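Have a look at the sequence and the 3D view, then read on.

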Amino acid sequence: MELRNSYEEIAKRGAVLVAVSKEPLWISVHLAKELRLPFPLLSDKDYSVIKMYGVYDRINNYAIPSIFIFDREGNLRYFKAGKNLWDRIPPKKIIEILDSL
C-alpha cells in the first residue's frame, strides 16, 4: 500500500494520517493488521462520514477515493476527490501539498 510506505514522510511534516473504510469494524481491524498500517483505519459501514464529506457515489455504492487536509485549527486547506474508484491521489502528491502549506 502506497500510503503505508509513505507514512513516515507524511508524519515528518506534522500530518496525521487517518483512513476511512466502508467495511464493518471487524474487517477494518483485520485489514489494518494484515496490511501493517501504521495509521488508523476507521470503519464507516453506514457511510455517515463518507456522505457528510460528500464523497459517496450513490450510483455505484462506494466511497470515492479522496484526500482532505485540515490545518491544526480544523480548517480545510486542501480537498481532492478522485473521478472513480481507481483514481487515487498518489502519496508523492500529498507530500508536495503538505510542503506547500
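Let's start in helix 1, where Glu9 and Lys12 both sit, three residues apart, or about one turn of the helix. (Helices are DSSP runs of H or I with at least four residues, strands are E runs of at least two, and both are numbered from the N terminus.) Their side chains meet in a salt bridge at 2.9 Å, N to O; the term stands for a side-chain nitrogen of Lys or Arg within 4 Å of a carboxyl oxygen of Asp or Glu.

A word on ground rules: residues are numbered from 1 along each chain as its sequence is written, and side-chain values use heavy atoms, with hydrogens and water left out. The model is predicted, so local features need pLDDT of at least 70 and side-chain atom pairs count only at pLDDT 80 or more, while totals for chains, interfaces and linings use all residues.

The structure holds four salt bridges, and three of them are listed here.

| Pair | Distance, N to O |
|---|---|
| Glu9 and Lys12 | 2.9 Å |
| Arg13 and Asp99 | 2.6 Å |
| Glu23 and Lys22 | 3.2 Å |

Salt bridges that share partners tie Glu9, Lys12, Arg13 and Asp99 into one network. How open are these side chains? Lys12 counts as exposed, at 61% relative accessibility, whereas Glu9 is partly exposed at 32%. Asp99 is partly exposed too, at 48%. The labels work like this: buried is under 20% relative accessible area, exposed is over 50%, and partly exposed is in between (1.4 Å probe, protein chains only).

Now for strand 5, residues 66–70. Its covered face holds Ile67 and Ile69, and its uncovered face has Ser66, Phe68 and Phe70. Five bridges join strand 5 to strand 6, and the two run antiparallel; strands pair if DSSP finds at least two bridges between them. Across that pairing, Ile69 stands opposite Tyr78 in strand 6. The hairpin of these strands has five residues between them, and there Gly74 takes a positive phi near 90°.

Phe70 also turns up in a nonpolar surface patch, along with Met52 and others including Val16 and Leu76. Such patches join nonpolar side chains (Val, Leu, Ile, Met, Phe, Trp, Tyr) within 5 Å, using residues with over 30% relative accessible area and no salt bridge. Helix 3 (48–52) and strand 6 (76–81) each supply at least two of the patch's residues. Met52, in helix 3, is exposed, with a relative accessible area of 60%.

Methods
Patches are made of residues with over 30% relative accessible area and no salt bridge: like charges are joined within 9 Å, nonpolar side chains (Val, Leu, Ile, Met, Phe, Trp, Tyr) within 5 Å. Accessible areas come from the Shrake-Rupley method with a 1.4 Å probe; for residues, only the protein chains shown count as cover.
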